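Hello,

Here is the structure for your files. My notes follow below it.

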Amino acid sequence: MNDSLLGDKVALITGAASGIGAVAARVFTAHGAKLVLADLNDEKGNELAAEIENSGGEALFVHTDVSSEDDVAAMMRAVVERFGRLDCAFNNAGIDGHPAIAHEVTRADWDRMLAVNLTGVWLCLKYELPQMLSQGGGAIVNTASVAGLRGSPRQTCYTTAKHGLIGLTMVTAVDYAATGIRVNAICPGTIHTPMLDDGFRKGILDNEKMLSRIPMARHGEPEEIAEAAAWLLSDGASYVTGQALPIDGGWTTH
């Protein structure tokens with residue numbers, strides 16, 4: 001259960017109970033990391049932690065709403081109490097939004113999207129960074145989106161939050177670069193997750209239209225996102241910071 005990529009590093013994953021987060025937990029474990037899994041879904045989060053422990057890894061689940069400062073503070077206390085340090089943070093928790101153009105967006109939808117997808121990441125940084133500063137370094141990856149690099153039609157709230165997240169990533173990377181802390185973002189395109197499948201089922205997303213815009217002519221797999229995040233968190237990416245890495249089958253190239 002231990003290879004050289006994340007061997008013996010303590011890694012925190014938010015949004016860990018499903019989708020990219022759950023796959024990342026398994027991938028990080030395979031690369032040797034000790035994990036703290038944070039999510040709102042207690043049942044799935046505890047099941048995943050047990051699965052990892054039963055397979056010979058180390059994992060702790062902590063119930064966390066990233067939009068709650070009290071929850072985030074408690075999450076970080078749990079990390080330090082269990083492992084004594086935090087080497088890697090994958091700030092991955094996020095929600096999808098209701099398709100709407102600007103004047104159709106409700107205040108409730110706007111506030112909830114930014115609370116989770118932008119303020120939630122800032123709150124995680126607020127508590128992760130002091131711990132990493134006390135250790136002399138660390139690595140952080142935030143989950144943004146290709147919607148943070150382009151204007152995504154009818155996704156006003158989501159696109160705004162992800163653009164803001166990339167800006168937050170860049171300024172944090174600059175501010176902490178000399179401290180040994182690296183901060184990057186990944187920008188997934190369309191990835192085979194329950195969220196994507198739900199969009200197809202509800203008719204919100206058009207599969208054929210989406211595939212026609214991807215040069216590789218397929219959707220990505222969660223494992224492909226998790227492996228990219230693992231590399232960015234590893235010592236192999238020691239000179240990489242402040243980047244927003246598209247992982248999208250070439251979608252942003254045209």
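Is the crossing of α4 and α5 right-handed or left-handed? The crossing of α4 and α5 is right-handed; a crossing is right-handed if the near helix is turned clockwise from the far one by less than a right angle, left-handed if anticlockwise.

First, the ground rules. This is a predicted model: local features need pLDDT of at least 70, side-chain atom pairs count only at pLDDT 80 or more, and totals for chains, interfaces and linings use all residues. Residues are numbered from 1 along each chain as its sequence is written, and side-chain values use heavy atoms, without hydrogens and water.

**Helix packing**

Helix α4 covers residues 107-135 and helix α5 residues 156-176 (helices are DSSP runs of H or I, at least four residues; strands are E, at least two; both are numbered from the N terminus). They pack at about 15°, axes 8 Å apart (axes are lines fitted to C-alpha atoms over the stretch in contact; angles run from 0 to 180 degrees between N-to-C directions). So α4 is roughly parallel to α5 (angles under 35 degrees). Contact (heavy atoms within 4.5 Å) involves, among others, Trp 110 and Leu 118 of α4 and Tyr 158 and Leu 165 of α5.

**Aromatic rings**

There is one aromatic pair (ring centres within 6.5 Å; planes under 30 degrees apart are stacked, over 60 edge-to-face, the rest tilted). The ring centres of Phe 28 and Phe 90 are 5.9 Å apart and the planes at 45°, so the pair is tilted. Phe 28 lies in helix α1 and Phe 90 in strand β4, 62 residues apart. Phe 28 is buried at 0% relative accessibility (buried means under 20%, with a 1.4 Å probe and protein chains only). Phe 90 is also buried, at 0%.

Best wishes

How values were computed. Rings of Phe, Tyr and Trp (its six-membered ring) pair if their centres lie within 6.5 Å; planes under 30 degrees apart count as stacked, over 60 as edge-to-face and the rest as tilted. Buried means under 20% relative accessible area, exposed over 50%, partly exposed in between (1.4 Å probe, protein chains only). Angles under 35 degrees count as roughly parallel, over 145 as roughly antiparallel, 65 to 115 as roughly perpendicular and the rest as oblique.
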